[in-house]
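Biologist: Before we go through this chain together, I would like to learn how to read its features one at a time. Could you give me the general idea each time, and then the case at hand?

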Amino acid sequence: MKKITSMVLAIGLVSALVLAGCSSNNSKVSDGVNKMLDTTEQLSKAIDSGDQAKVKEVGPKLEDQWATFEDDVKKDNKDLYGKIEQYLDPTIAGSEAATLDKEALSSLNDKLTDALKELANKTK
């Protein structure tokens, strides 16, 4: 009887540790996505107002924010990882360009925002 009790406790402990690990990854991804969504919103406002200095300040932040959780996304959501990468790099490059192409950058930022929202819904 002691063996069975010990086995049940061991299985319960392992299950709890596995679930805790999954939860922390989802929390990390969720926090990262929310930060990036805040940044894409700031970028959108700067693009709409034509504030090139603000665009150059805000756009590159996306790369640093993405770096904090992209490996978890790549591991667990390969399809969305590719979709985000497809729009992230051109958005950052457009924000750093010498001349602001409002229409192109706005479109890229909108598509990036949509991909991030899709990921946010998946990690809830």
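Modeller: Let us begin with exposure: a residue is called buried under 20% relative accessible area, exposed over 50%, and partly exposed in between, with a 1.4 Å probe and protein chains only as cover. Lys-54, with a relative accessible area of 30%, is therefore partly exposed. As for the source, this is a predicted model, in which local features need pLDDT of at least 70 and side-chain atom pairs count only at pLDDT 80 or more, while totals for chains, interfaces and linings use all residues. Residues are numbered from 1 along each chain as its sequence is written, and side-chain values use heavy atoms, with hydrogens and water left out.

Biologist: How many helices and strands are there in the chain?

Modeller: Helices (H or I, at least four residues) and strands (E, at least two) are DSSP runs, numbered from the N terminus. Here the chain has six helices and zero strands, so that, read from the N terminus on, its elements run α-α-α-α-α-α. Of the 124 residues in the chain, 32% are buried.

Biologist: Which residues touch the most other members of the largest nonpolar core?

Modeller: In soluble globular proteins, nonpolar side chains tend to be buried together. A nonpolar core is a set of buried Ala, Val, Leu, Ile, Met, Phe, Trp, Tyr and Cys residues joined through side-chain atoms within 4.5 Å. The largest such core in this model has 26 residues, and those that touch the most other members are Val-33, Trp-66, Phe-69, Ile-84, Leu-88 and Leu-119. Two or more residues each are given to this core by α1 (2-49), α2 (52-58), α3, α5 and α6 (102-122), with the largest share, seven residues, coming from α1.

Biologist: How should I read a salt bridge, and how many does a search of the whole structure find?

Modeller: A salt bridge is a side-chain nitrogen of Lys or Arg within 4 Å of a carboxyl oxygen of Asp or Glu. The search of the whole structure finds five of them. One joins the side chains of Glu-41 and Lys-45, at 3.5 Å from N to O; both residues lie in helix α1, four residues apart, which is about one turn of the helix. Glu-41 is partly exposed, with a relative accessible area of 43%, whereas Lys-45, at 55%, is exposed.

Biologist: Which helix holds both Glu-57 and Lys-54?

Modeller: Both lie in helix α2, three residues apart, about one turn of the helix. Glu-57 forms a salt bridge with Lys-54, their closest N and O atoms being 3.8 Å apart, and Glu-57 is partly exposed at a relative accessible area of 42%.

Biologist: What parts does the pair of Lys-122 and Asp-79 tie together?

Modeller: Lys-122 forms a salt bridge with Asp-79, with the closest N and O atoms 3.8 Å apart. Because Lys-122 lies in helix α6 and Asp-79 in helix α5, the pair ties together parts that are 43 residues apart in sequence. Lys-122 is partly exposed, with a relative accessible area of 47%, while Asp-79 counts as exposed at 52% relative accessibility.

Biologist: Which residues gather in the patch of negative charge on the surface?

Modeller: Patches are made of residues with over 30% relative accessible area and no salt bridge, like charges being joined within 9 Å and nonpolar side chains (Val, Leu, Ile, Met, Phe, Trp, Tyr) within 5 Å. In this model Glu-63, Asp-64, Asp-89 and Glu-96 gather in such a negative patch, and the elements giving two or more residues to the patch are α3 (61-67) and α5 (78-96). Asp-64, placed in helix α3, counts as exposed at 57% relative accessibility.

Biologist: Where does Leu-100 lie?

Modeller: Leu-100 lies in the loop between α5 and α6, and at 18% relative accessibility it counts as buried. The C-alpha atoms of Leu-100 and Ala-53 are separated by 9.8 Å, although the two are 47 residues apart along the chain.

Key: Areas by Shrake-Rupley, 256 points an atom, 1.4 Å probe, with all protein chains shown as cover. Lys, Arg positive; Asp, Glu negative; His and termini not counted. Charge placed at Lys NZ, Arg CZ, Asp CG, Glu CD.
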